[in-house]
Each structure stands twice: as C-alpha cells, then as structure tokens.
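Hi,

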Amino acid sequence: MSTDGKRFSPHLATRRELMLGAGALFAWAYMPKLARAEGRDPRLLTIILRGALDGLATVAPVGDPDWVRLRGDKGLRTDGNYAALPLDNVFALNPAMPNFHRLYRANQAAVVHAVATPYRERSHFDGQDVLESGIVTPGASDTGWLNRAWSALQPADRVNPRQAFAVGPITPLVARGPAPVMSWTPSRIPPAGNDTMSRLLDLYRHTDPALARTLEERGALAAIAQGDMNGMSPAKIAATPGVPGAAVRAYFAEAAGAAAKFMARADGPRVGALAFDGWDTHANEGADQGRLAALLGALDGAFGAIESNMGGAWKETVVVVATEFGRTARINGTDGTDHGTATVALLAGGALKGGRVIADWPGVSEQALYQARDLKPTTDLRAVLKGILRDHLRADEKVLARDVFPGSDQVRPMAGLVA
Amino acid sequence: MALDVPNDPKAQAAAALHRFGLGPRPGGLAAFAAHAREALIADISKPNAGAIGDDNLLSSAEAIRAAYDYRQERKAERLGRRAADEQERNERNERNEMANAARQMAAKPDNANPGGAKPDVKPEMQALAAPIAPSSGKDDRPKQQPGVPQQIFLDEARARFDAAMNADIGFAERLVWFWSNHFCVSADKGNVRQLCGAFEREAIRPHIAGKFADMLFAVEQHPAMLYYLDNAASIGPNSDAGRKRGKGLNENLAREILELHTLGVRSGYSQADVTNFAKVITGWTVGPARLDNARSGEFFFNERMHEPGPQRVIDRDYGQADVTQGEAVLRRLADHPATAKHIALKLARHFIADDPPAALVERLQKRFLDSGGDLKEVSIALVTAPEAWQAPRSKLRKPNEWMVASMRAVGMSPSDVRPLVRANTMLGEPLWQPPAPNGFSDVSDAWADGLPQRLDIANRFARQVGEMIDPDAVADATFGPLLSRETRETVTRAESRAQAVALLLMAPEFQRR
C-alpha cells in the first residue's frame, strides 16, 4: 500500500474505478477500539462539499438588522413564497431543507456558523487541501486528518475484510494515509459536469468563439447561454442543463443512503467520508429556487436517506458536513457570490446534542465583514471536528492536537456536541 | 478561428512541440525550448527513427498463420461440440423415453397384482424418472478471452500507445501516424484486423525518414493492403487461373494507388489507365496460410494469376512479364510531379492548416522532387519553413493526438490499452479503422462534432488524476508562454483540481495546434 499519495502511480483506471470519486464512500477498515470497549458503537460520516458552500444562503441571519441591506431580495427571508424555515430568533434555514429542519427540531441537527478552517486565502485547491489534510499549510501533507484520526482511534476488529483496498489514485485526501481504507461506489455515474461545461463555454467565448459555437450547438446549452433562469418553473429548472435537478437529487440520495446502509451493518465500517462537488456558485446562485436551492435540496435528501438507512444505528450516528470556505457576503454582479471565508458546518445524527445554531456571531454590518467582503470567521472548524472525534469516538485529545490537526493546541475541542 | 503564435522564440518552440510533436511531457518544454528546430530534425534523424523495438510482436506472416490456426482450432472445436451435443441429445431422448415408460408402468393399475403390491419397477428406471438437469456443457467452457486476431490487435495497439507515450518529442511518431493514415488499411475487414499493427511496423515505420518509393513498394506489396483493397484475389482474365476459373479483375487497389496513394484524384489518369494498372498488378497476392511453406502469409507474385502481355498506363508502355512490371509503374508514380504535389498538400494540411499557404506547399513539392522523394528531406523542409512557425494554431487536434497529448501532459501512462481503444472509438477515430480507404479526415471541421465527447473523456481523465496533480503547474509545463490569461484564470478558479484538469485539457490551447 502506498502512503505517498501525491506521487501518482501511472495507471489508467478501469470502468469501475472511473466511477469512484464524487459520492463514493471511503472508510476505515477497522472498528474504533476505545468506544467499543465502553459498549458503544458510534458512527461518524464526514461529507465534504467541494466548491465552497454559501453559508449565508444555507442558514441566513434573518434576525440580523444588517441582513436585508446586505443581500436585498437575493437573501433568504421568512415571508413570501419561498419562506426560510426558522431555527431560532436570528437564523433561518434554506427552505429546500425540510429534512434537516425536522431533525433540528428533534434536537438531532445543529448548525455551526461563522466557521472556517485556518486557511485565509481563496483558492479552491489550497482551501480543500487545508480542509482535508488538517494541516495549516496547503500542499504540505500527503495524508488526511480522517485517516490520521483512524490511527489515533486504535484499531479493534476488522470490518468486512473483503472490501478493504489499498489507497488508490482517486482516494480523497481526507481519507488518504497509512490506515487501511475501504471503499464503496455508487452504482450510477455522477450527473455530467454541467458546471464544468458552462465554465468551458465561458472560456471559449472569450478565446475561441468557433469552439464556443460548436459546443453550444452540439451540447444543447441554450438555457445556460441565456444565463437566466428567473421565472422558470421548478420542473423546467430541473430539466435544464446546468441546473442540478432530479438527477443530482437522486445521485446524492443513492450515494449517501447506500453509504449509510453499509455503515449500519454489523460488519460494516464505522468511520467514513464522502464528497459532493458542484457548490461553486459564481453566477445565478439561485438560493431560493435555482441552482443552490436544488443542490441543498439534494443534500437534504441525503440527510433523509442516511437517517432512514442507518436504522437503529442512527441514534449512535454523527454526520458532519464541511466545505473549504464560504462565499462573499454580498451578491456579485452576476447574481452569484465569489470566494469568501467563513461559512457553516452542518451536523446531524441521533447522537448529537442538536437543536442549536452554535455561533459567536460576528454580524454582517460593513465593519463586521472580514476584509470588508466576507463573513468573519469566529469559530475554527478544527474545534468542531476535534470535539466530535474526542467525545463521539474517544480519540485522545493530545493525539488530536499532535497528529490529527498538528499545531492546533490552542484550538480547544468544542465540548458538548454529543449527547 | 485560430490562436496566434506570439513572436517570441520560447512561444514558437512551445507551439512547435504541439504542432509537430505529441505535446510536451512534464519538463519537455524547458528541455526543448532553446533549440527547437534542431531537436525536431534530430527526432527523425536517429538511425531507427519511427521503429518499435518489441521482439514479441508477430510479423504479418506469423499473424496470418496464427489467425489461420486459431480459426482451424475453433472450427474443429465447433464440429466436436456439435457431435457431442448430438450424441447427448440422442441419449437424453432415449432416457426420457425410458423414464416415460417407467412412469406409465408405475401409474398403471395392475390387475395382475392384487393385494396392492408395488409394481415391479427396476431401480435404475426410477432414478431415470427424475427430472433431467439441463446440459451444463456450455457453462463449463472458460470465460470468453479475446480471440487470437483481437489479441494481436490489442498487443499492437499497446505497442503503438507505448511508443507515443515514451517519445521525447513525438515528431517521428506523428509522421508514422500521418503515413499510416495516408496508406490506411482497416481492421474492419475480416483478415486485416490481425495485420494492422504489423503493416504499420513493416511498411510504414522503416520509411518515414527514407524514400517515398520504398514506402510505396512496401505498402502495395504488404498482405494487409493486398487483402484490404482486394488485390490478393484479383486475377488476370487471360491468365492461367483466369481462364480456368472464369474469375477476373478487381480494380480496387489499382484505383486507390492512383487516386489516394500517389497522383491524387483528377490528376489526369483515365479509366483505361486504372483497368490496365489493375491488370499489371494481378498476381500480387499472399501465400495461402494453409500451405505450410516459406510463402505462407508472405507477399508473393503468382504468375498463374497474372495477366500476360504489355500494358499501357498513363501514356507509357510496360512490357515486363513479371512482378517488375508493376514495380516499374509504382516507381514512375512515385516520381511523378502530381504525387509530389499531392503529398506536399497533405503534409502541409495535416501539420499546418486546413488551407495551407501555397508557398509552403510549393516548397515541399519542390523538395520532394529535387530529393527524389526523400521523406527526411521533405520533413526537414516542413519544420524549417517559416510558415510552419508563424502560422496561427488553427488545427483541431485529432482525437488520438488529443488523448495522447493529455496523458503526456499529466504524466499518466495506461496499464490497460482497452480503455484507450474504446475512447478512440467514442471520439470518432477508432484505431486502424478508418471509414474508407481515404483515411480519417485531416480537416478540423470534421472533428468539431466530437467536442462534447472530448469533454466527457476529459472529465473521466480528470477524475483519475485530479487529486494527484497541480493543475496550474501542468498548465505552465504544457504551454509556457502560450498559456492565455483566460485559460489560466479558468484553471485557477475551478472548483476542484479535477475540474481544473478537465478544463485545461479542453482549453483552446489544448484543442488546437
């Protein structure tokens, strides 16, 4: 098994391997020893959202006096046709997420707001590196925090041994490292990268109009070309290329639901991760009825699928959803948002002490914004992850500070997240 | 539409690597930039330029015999199985009849047996009355392996991809691909599949920096070409075989030699020239594989199939009585000014532009004629022509060029050749399988249709390598000063490394050369 993930071993993937990647579950091939010794059987599923989730469009500070001035009619509100779902007297949830709202009210879901990794630049690749490696310097590590945490948890019994496999070229960084990894792959292929197609079209328009014409004609991208989905019915949006609709919803639900079914088994893995792409909403973000709403709806469906497929194991489950950074506080000139800083982390699971929005809220006034443009980070994401690893899985606090999130001695694990 | 080449030696060197080569590998651009013309010339001046050094590949004669043996074995197996099935069927019918008889006996009330004693059924008959399991013969056979012809095809494909991946610059390989497409054969034709690779290695590769006439001879006398364009079975009507069997002429190869391989269409030859030339090359055939002798699977001149007598081809009489008659016609065609023009235009169109500058075509044509068809000299004239360096990058890379350039750029090399063969097919350029004898198109428009398929392939590549590489570094290493600001921004702003890689491979700089 190679632990040197960055060195790419020349290899052309088989069809099966090609389908790995977004939506595939990567999990530890052992059970955590200490938690088992206590007679508990905890599950932890980490979901990485690649592309930078707009935290303010997911959980909006509708009670903040500066909110309406910040986002105007592009911001979520608690009235109108697409009324946000109230969480407390400040925050409300995107209306595309009724499952998460239900779990929140049952104290089985929580939101950490104004949270960020220690990364303070705005490159996706570097931001994902820091998020997944758990190391402050981008590109400095070939292993991920989750894999190093597995080592810290001490292996007990091996889970279904037939499924274990060596770290391969498509293993996400968060799960790469010395601990043995196993994987499960959704049977369907992720929906075609419509976002990639629209970026490519944009590049062609600026550099090679002939290729742009060709791609437009052959790719049937009329809706994206118009760049305007306002006033379209949800059915039309779902059927429009570039707008993730039913296909993405089905894909998230299958990937997350099957991962949960797998983790619920007596001989299944207990600690795993999967990733979903597509959150980079620079233009026509559509927080209430467009693209982001569709993505959040798909994520909400994933929560529902995990809850039902975990069955009896749900009460011992924690799901953590994190992204590399947030987006600009204000809407940009193309009805989207650009790369920002703080965002939300979403937590769910029967083992959670939920029903709370956990935030040292910085506010969204002009002066309160980070570099006058982004939501200011007031909580370190590592505190959240360390708290869950310590209290849910019984990882040693010193090992967490030394090996899993090196240099995080000053970042205390967030206490009381787990019931 | 085209991308300009900046007037700067480094940018021109980078453009040349893409235009004449297979695209830079990591570090290739830096190593090449200072002496681009010299490096291109050196690439085709090596003693074995274009050769593949794989001793395990079969010669065409060996491939013909291997495929023949395989078919014979399969035939014997089929016959054997048929006989076995037949026997089994007969036995089963017999058993069923016996079982039915047993059942009837069991069911029949037997007045002769008062007291209700069991009828006297023999134990073996009871056993036979049990349902008979379906024959498991088919399931016992080993899993389907590729047949010998397909296995040879895949081995050759593998060697060809390896040569492309391992080339420093790839100018020699590009010339191999060009000439292989000019003199194409097709794996679609039954007995050609196992010969496509050997054809390229035996008839094309040794001559890319040699004489055009030598390549022409090797091609037109190669079993793959003789099968593909039907000359192996073409018989002179007045030959021994023709008179005896009442079979005759096939003009296919003669016509395509004139129209596609040498002079070019509408260059002044008539239907009579085609017919006469076809007669000239009757008897150019392949030794039957079933004959286990030295000729088996080799080119040989079969006098008994050859049309006797002199023939007139394009205003000249050829009185030779044997294989030298056809060779004399080929030699003349190789030296013909129309051939020089045809080849010059095709080379310039392939490497420089769909409508190449007339001055460049003229210069290549003149070099071809002055050097007696020396392809090394013609290729040097191509890479030293100022037009070749200043012309904007307007050509869309052909699918296989693009795929190989992509793999070279990200530093991956395939462990299994089959996905590559499938991808080539998906992109409209199935390996060694052109739709017609004029080969795959060398005009960009023909390939534009496949752009969405390229994006699909790019996404798959990117999913595999995206996590492992630094897209910005690959962009720099691949394009240097040719990288546009817009492409750089698009790559940098991608939402994931995988997306960045896909966008880079699809960028205009990558699609065009």
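**An enclosed helix in chain A**

Helix α6 of chain A (residues 124-133) is largely enclosed by the rest of the structure, because nine of its 10 residues are buried. Please keep in mind that this is a predicted model. The buried residues of α6(A) are His124(A), Phe125(A), Gly127(A), Gln128(A), Asp129(A), Val130(A), Leu131(A), Glu132(A) and Ser133(A).

What covers them? Just after α6(A) comes Gly134(A), with a positive phi of about 75 degrees.

**Where the chains meet**

Chain A has 15 helices and 15 strands. Of its 419 residues, 58% are buried. If you take the contacts in chain A between residues at least 6 apart in sequence, 76% of them join residues at least 24 apart.

Chain B has 26 helices and four strands. Buried residues make up 48% of its 513 residues. For contacts in chain B between residues at least 6 apart in sequence, the share joining residues at least 24 apart is 72%. The radius of gyration of chain B is 31 Å, whereas a compact globule of 513 residues would have one near 24 Å. Its C-alpha trace spans about 115 × 75 × 35 Å along the principal axes.

**Two helix pairs**

In chain A, take a look at α12 (residues 246-264) and α13 (residues 291-310). Their axes are 8 Å apart and they pack at an angle of about 25 degrees. α12(A) and α13(A) are therefore roughly parallel to each other, and their crossing is right-handed. The residues that α12(A) brings to the contact include Val248(A), Phe252(A), Ala256(A) and Ala260(A), while those from α13(A) include Ala294(A), Ala298(A), Ala302(A) and Ile306(A). The residues of this contact divide into 14 nonpolar, four polar and two charged.

The pair to see in chain B is α16 (residues 358-370) and α17 (residues 375-384), which pack at an angle of about 155 degrees with their axes 9 Å apart. That angle makes α16(B) roughly antiparallel to α17(B). The crossing of α16(B) and α17(B) is right-handed. In this contact, Arg363(B), Leu364(B), Arg367(B) and Phe368(B) of α16(B) meet Glu377(B), Val378(B), Ala381(B) and Leu382(B) of α17(B). By class, that contact has five nonpolar, no polar and three charged residues.

Most residues other than glycine have a negative phi, so the next two are worth a click. Arg266(B) has a positive phi, near 55 degrees, and sits in the loop between α12 (252-261) and α13 (271-280) of chain B. Is Arg266(B) buried or exposed? Arg266(B) counts as exposed, because it has 8 C-beta neighbours inside 10 Å.

Trp432(B) also has a positive phi, about 50 degrees, although it is not a glycine. Its place is the loop between α20 (418-426) and α21 (445-448) of chain B. With 25 C-beta neighbours inside 10 Å, Trp432(B) counts as buried.

The last one is Ala391(B), in the loop between α18 (386-390) and α19 (399-410) of chain B. Ala391(B) counts as buried because 22 C-beta neighbours lie inside 10 Å. Leaving aside its neighbours within four places in sequence, Ala391(B) is in contact with Ile352(B) and Ala353(B). From C-alpha to C-alpha, Ala391(B) is 9.9 Å from Ala15(B) in space, although the two are 376 residues apart in sequence.

Best wishes

Notes: Residues numbered from 1 in each chain as written. Chains lettered and ligands numbered in written order. Predicted model: local features only at pLDDT ≥ 70, side-chain atom pairs only at ≥ 80, totals over all residues. Rg over C-alpha atoms; globule rule 2.2 N^0.38 Å. Buried ≥ 20, exposed ≤ 12 C-beta atoms within 10 Å, placed from the backbone. Contact = placed C-beta atoms within 7 Å. Axes fitted to C-alpha atoms, helices over the stretch in contact; angles between N-to-C directions. Parallel < 35°, antiparallel > 145°, perpendicular 65-115°, else oblique. Left-handed = near helix turned anticlockwise from the far one by under 90°. Nonpolar A, V, L, I, M, F, W, Y, C, P; charged D, E, K, R; others polar.
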